[in-house]
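Please keep the viewer open as you go.

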Amino acid sequence: MEQKIAQLVFDEFGQQVEVALTRPDAEFGDYATNVALQLAGKVGKAPREIAEQLASKIRDTDGFADVTVAGPGFINIHLEPQQLLELVKSEPTPQYPGQVIVLEYSCPNAFKELHTGHLYQTVFGDILSRLLLVSGAKLQRTSFGGDVGLHVAKCLYGMVQNFGGEYPEKLETIDTDPFERARWISERYVEGASAYEDNPDAKATIDELNKTIYGFHDSDDHESPLAKIYWETRQWSFDYFDAFYKLIDVDSMPYYPESATAPTGLKVVKEQLALGKLKESEGAIVFEGDEDKHLHTRVFITSKGLPTYETKDIGVIWQEREDYHFDHRYLITGNDQREYMRVVFAAAETFDPSLSGTMTHLTNGTVRFADGKKMSSRLGNVARAIDVVDIVREKVAEIVEDKSIIEDVTLGAIKYVFAKYKLGGDIAFDIEETVSLQGNSGPYLQYAHARARRILEKAGGVVVSLDEVRDEDRLLVRKLGEYSETIELAAKNLEPHHICNYLFELAQEFNRYYEKNQVIGNEHEQHRLGLVATYADTLRAGLMILGIAAPDKM
RNA sequence: GCACCCGUAGCUCAGUGGAUUAGAGCAUCUGUCUUCGGAACAGAGGGCCGUAGGUUCGAAUCCUUCCGGGUGUACCA
């Protein structure tokens, strides 16, 4: 439609313009455009005059219900009922057809538990994945994290202390539940970390251990007692990640451990050093910043010869490209890594100019607790992801009577909270509001859906497809017709929160309709059931993109 | 110091490439209501969109100043 109007503008005024259609308040029309105002300056006529001229042309050519001019020169377009129905039945236009896209997110470190930030980023990444998939992308999810490094050494030290020596067989005495194992590992980490702080001997041992662990990889040592402990508990960590993803009902993804990306990164970095793209400085290998572009200088290989995070990140990029030949790569991290990642991207693009413009860094804010006092006793300083899920589940269980849907509602509540904010800012996580069954929340939408399903069930299942628009339907039908463009907008900008806003508005619109219009027993029952079914299906489709289950009963 | 992000209703947040009267949820107050599932609907109050300028026919939105908050600034990740 934009193009048609642009063509009319060109025919009438000989001007090339970008026509933007907006969705005005229902009283004004179904679409509105301000092209007349844009043209006023160029053409040298009054905006209203241009608008009238254009409006009459649009009226002639496209057979809209009505085309009016309002205010300073807006053209408001009213659609015919059939045009509204076409919109309802239209599918979203894929925004990434056939594109190979890598999305890297979640990124927990091995030997540590997932905290609230991971929960947020994992949920958000999963939603983005679903959005990209329905938008035609060939998507590959990935994750990246540290399975080597000082934190692992501290942890291993704690384990050895706990066992009173290097006794891998004692691992068998630990609980087999993946969450219990993860917790046990993190307790050993805490012990190792405090020993590192308090005890100089322990510090020396742990520093040595750090190198030893790299050695397990370099020399492929799976036999020494310490190596056995390392490999076994490393696997526990990976199993724990998968168990957690399963718990929150998101897809798991290939994990790129630093032990694997470091060698790849080192190889690239050494090649680039030879090519002069990196420099030696004070014994370290650095990528020189650029003051004009406000890029910091950063170290890629330390003066001790160890690869830094920068090098490992280069390694992931090269590995992911090798594995998937991506057209575009997105990664999500905390926003504290913003400047850092700019340097890594700049370095990567310097190393290989063909990467230019193929990578996008998305950043998320931190999760704050709105009701911090209540949470603190249970969650401590670093809130574990699992505790948040447990607390929400407890709250949900208090309200929901049907036990079989507690998990769906719990996850619906959590996922919706994380989906409804635009990525970037901090999130105020309020348990009460999360679980709240009213207002703009996951459970509200789940309930709205279940309610519609029950109407259909009660009516007996025979549902005709929607084929007319009655006067009282108009607002709801128009809202249903906005589904496709909402998905397109969300996909194009990678902003799932538009979907949340839309679904909430849709549910409200339906509730308004439902308040006034009897469905069952009405003379238009068949027609209205078609409308209810369309609504329920739309709601379910939207929730599905958000990874939220839409139970038929609640 | 420099750079980046952010300041919209009491609170939490939307606000598409500039646009008709700046919106929603929560909270507060008032109605509807012997309910096709009320976890609802209707309505009210509450805003110089941080400040001061600029561009424009028109600015929460673009540019600049200042104020306030956050983050980052080479051998951590």
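The notes below cover the overall fold, the surface near the RNA, and one methionine.

This is a predicted model, in which local features need pLDDT of at least 70, side-chain atom pairs count only at pLDDT 80 or more, and totals for chains, interfaces and linings use all residues. Residues are numbered from 1 along each chain as its sequence is written, while chains are lettered from A and ligands numbered from 1 in the order in which they are written.

**Overall fold**
- Chain A holds 21 helices and 14 strands, taken as DSSP runs (helices H or I, at least four residues; strands E, at least two) numbered from the N terminus.
- The C-alpha trace of chain A spans about 85 × 60 × 40 Å along its principal axes.
- Of its 554 residues, 40% count as buried, meaning 20 or more other C-beta atoms within 10 Å of a residue's own, with 12 or fewer for exposed and partly exposed in between; C-beta atoms are placed from the backbone.

**Surface near RNA strand B**
- Among the 71 residues around RNA strand B, those that come nearest are Glu18, Thr302, Leu437, Gly439 and Arg454; near means a C-beta atom, placed from the backbone, within 6 Å.
- Elements giving two or more residues to this surface include β9 (284-287), α12 and α20 (497-516).
- Helix α17 provides the largest share, eight residues.

**Met341**
- Met341 sits in helix α12 (residues 338-351) and counts as partly exposed because it has 18 C-beta neighbours inside 10 Å.
- From Met341 to Asp313 the C-alpha distance is 9.1 Å, although they are 28 residues apart in sequence.
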